[in-house]
Amino acid sequence: MKRTVIATALAAVFLAGCSGPENKVEEKQSAIVQTTNKVELGTFGVDLTARDENVKPGDDFFMYASGTWYKNYEMPADKTRFGAFTSLAERSEKQVNAIIEDIVSRDNLNAEEQLIADFYNAFMDIEALNKLRITPIQGLLDEIKAIDNTDGLTKAFGQSWLTGVNSPIGGGMWFNRLDPNKYEMSMGAGGLGLPDRSYYLEEAERFEKTRAEYVGHIASMLKFAGLENTTERAQAILALETKMAEGHWPREKRRNRDLTLNQIKREDLAKEYPGFNWDLYFEQTGYKVPQLNMSQPEPIKAMIDLVNKEDLAVWKDYLTFHGISGNASLLSEDIFNTNFEFYGKHLSGQQEPRPRWKRAVSQMSGTQSLGFAIGKVYVNKHFPESSKEQMSELVENLRKALGERIEGLDWMGEETKVNAQAKLAAFVPKIGYPDVWQSFDGLALKNNDLMGNVKNLRQFFRDDSVSKELEKTDRNRWGMTPQRVNAYYNSSFNEIVFPAAILQPPFFDPNADAAVNYGGIGAVIGHEMGHGFDDQGSKSDAEGIQRNWWTDSDRAAFEAKADKLAAQYSQYEPIEGNFVNGRNSLGENIGDVGGLAMAYHAYKLSLNGKEAPVIDGLTGDQRFFLAWAQVWKEKRTEQSMLNQLRAGTHAPGRFRALTPRNHDAWYKAFDVKPGDKLYLKPEDRVRIW
């Protein structure tokens with residue numbers, strides 16, 4: 001929530017896969033057939049008790065599939081949302097905690113185990129942290145206090161990766177979108193303390209209340225630094241961040257890859273973006289930066305203007321506040337709880353903090369922490385190779401299905417189809433875990449210095465990145481750890497990536513009915529493949545190079561369909577007066593609509609022309625669509641829903657569950673007819689891939 005925006009080209013969403021475009025799939029249907037072993041959910045892989053059969057599927061498919069669960073489920077005080085993803089994340093969290101607790105209980109640990117034990121012990125020693133209070137970041141606060149000119153500000157911004165503060169200008173190393181074999185620094189505008197620019201600029205009462213609460217929160221946090229007149233200073237910080245928000249692009253504009261590709265040579269930077277000491281800024285990072293991509297040119301210039309024109313004292317207070325707030329989870333309970341009162345309770349609707357052990361697991365599980373050291377153990381304990389093999393077959397079945405669907409498109413010409421098929425054949429699936437694990441050689445941690453440990457990790461990963469800056473890009477790199485319940489598509493490598501933890505019910509159960517696995521993980525695989533062909537991912541070719549491989553007429557036909565889908569989702573109103581942003585969520589929605597179509601096609605192929613059995617009174621098609629809908633069952637606090645609408649790229653789960661209304665087979669499966677609330681005329685159903 002409080003991180004400098006690093007604008008990158010990563011088209012990441014839910015779920016990705018494995019390799020081998022040349023693999024035969026006709027003989028490999030056994031991976032998804034129903035088995036006689038016990039399934040985890042219900043009798044065939046779907047929890048039928050979650051349904052509300054008093055709701056017509058054609059009126060609200062989300063409530064039909066999960067309504068009884070939704071009405072009866074009570075949100076725990078330490079959560080802002082709960083659903084299938086959360087349930088699996090909790091399972092992974094408990095498994096990871098058991099791994100950590102086992103390591104901590106043993107002697108004679110190897111080097112990586114010792115790192116895990118030392119970090120965990122330091123994080124869990126709350127008594128020591130309470131005695132230290134603000135001391136772990138007092139050096140940072142003293143440095144901020146000593147700033148006396150804009151160069152001092154620039155230096156602080158350049159060090160934000162190490163100190164955990166916000167910065168109005170930020171960047172990180174990513175892939176060169178015109179040559180994915182090279183790294184390139186990508187720069188963007190960020191630095192806001194609220195989830196999105198709309199929280200500063202909209203006049204609705206709820207946003208006015210949030211801004212007032214934010215001022216009170218800033219004032220409370222500034223008191224930990226011993227400052228006076230904190231309310232007045234907090235108001236000045238809000239005013240500064242409001243000006244920053246005015247200079248930012250809306251989110252739907254920031255995801256447009258045509259607008260965010262602006263490469264520039266390092267020697268031309270001062271001329272094109274004057275008024276900022278770029279040499280001093282990059283000196284703090286260690287990068288040589290021969291070339292950059294300025295992903296948001298006008299916003300970056302607007303931030304430079306603010307750095308030069310706004311009161312230096314306000315900027316210093318801004319850094320002080322974000323220095324405390326950004327590191328609050330690593331400090332004493334009074335500081336953490338004060339931060340939680342705003343970011344947890346007011347902004348997200350979370351009534352209580354998560355237990356400390358869960359926060360420790362979260363802090364340790366990221367890619368820029370000890371996540372891969374833990375993930376190595378997690379895979380050995382919880383991810384059988386058989387799951388990887390079955391998943392690989394499912395990926396290839398989906399690849400075949402999409403290939404057939406591309407050939408059958410009536411809106412795409414042959415020239416574009418050749419390029420689309422080439423991109424599909426080049427998809428690189430990664431399943432479960434990396435082939436090459438992250439090395440932690442040279443990292444030193446202590447069992448009694450939490451803030452020092454975090455700084456050492458930040459420095460360790462920055463040094464690792466700097467050392468590879470001018471080398472060929474590492475295609476073994478994973479952007480998620482194996483224990484993460486998620487998946488993504490990386491357009492630069494044209495890869496789909498599925499961590500081990502997602503390959504569990506309700507997404508995937510090796511013992512479940514085929515329809516369920518295709519409606520769950522199959523549609524998730526299709527979703528990730530779909531990102532290669534969504535409104536932005538489709539701007540890169542088979543080699544991950546951003547270029548136009550479409551004919552003009554085919555691109556126009558595609559964009560007309562995408563516009564239609566954006567309009568459809570923009571009609572959903574989860575909170576009165578607050579709608580889904582169909583344009584900002586368009587890539588995800590294309591992934592859902594296309595992924596479900598691919599999965600259904602692959603499911604039918606898996607039946608080899610035979611009729612699916614009826615199980616518990618449900619046809620194969622009904623089981624397929626129910627599985628999809630239950631993947632997206634979720635309950636949220638209203639604040640969390642608002643955050644998702646304004647700052648997220650996905651439509652809320654209850655609307656993702658309605659994706660089948662664009663598929664003819666769903667209408668037949670559930671006898672959906674004109675007059676039903678979700679009914680769309682055949683010509684209004686969006687069919688893209």
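## Close-up views of a predicted model

**Figure 1. Thr154 sits in helix α6, which spans residues 150-158.** The model shown here and in the other views is predicted. Thr154 has a relative accessible area of 3% and is therefore buried, since buried means under 20%. Beyond its neighbours within four places in sequence, Thr154 is in contact with Phe276, Asn277, Leu280 and Tyr281. The C-alpha atoms of Thr154 and Phe282 are 9.6 Å from each other, although 128 residues separate the two along the chain.

**Figure 2. Strand β6, residues 428-432, pairs with strand β8, residues 495-499.** The two strands run in the parallel sense, and five bridges join them. One of the bridges links Val428 with Glu495 of β8. Strand β6 is mostly covered, as four of its five residues are buried.

**Figure 3. Asn494 has a positive phi, near 50°, and is not a glycine.** Asn494 belongs to the loop that connects β7 (488-490) and β8. Is Asn494 buried or exposed? Its relative accessible area is 0%, so Asn494 counts as buried.

**Figure 4. Arg133 also has a phi near 50°, a positive value in a residue other than glycine.** Arg133 lies in the loop between α4 (126-132) and α5 (138-145). Its relative accessibility is 38%, which falls between the limits of 20% and 50%, so Arg133 is partly exposed.

**Figure 5. A cis peptide bond leads from Pro505 to Pro506.** The omega angle of this bond is near 5°. Pro506 is part of the loop between β8 and α22 (514-531).

**Figure 6. The whole protein chain, for orientation, contains 28 helices and nine strands.** Its C-alpha atoms fill a box of roughly 75 × 60 × 50 Å along the principal axes. Of the 689 residues, 60% are buried. Among contacts between residues at least 6 apart in sequence, 76% join residues at least 24 apart. The accessible surface comes to about 27,400 Å², and carbon and sulfur atoms account for 47% of this surface. The chain has 83 positive and 96 negative charges, whose mean positions are 1 Å apart.

Methods:
Residues numbered from 1 in each chain as written. Predicted model: local features only at pLDDT ≥ 70, side-chain atom pairs only at ≥ 80, totals over all residues. Heavy atoms only, no water. Buried < 20%, exposed > 50% of the residue type's maximum accessible area, 1.4 Å probe, protein only. Pairing = 2+ DSSP bridges. Contact = heavy atoms within 4.5 Å. Areas by Shrake-Rupley, 256 points an atom, 1.4 Å probe, with all protein chains shown as cover. Lys, Arg positive; Asp, Glu negative; His and termini not counted. Charge placed at Lys NZ, Arg CZ, Asp CG, Glu CD.
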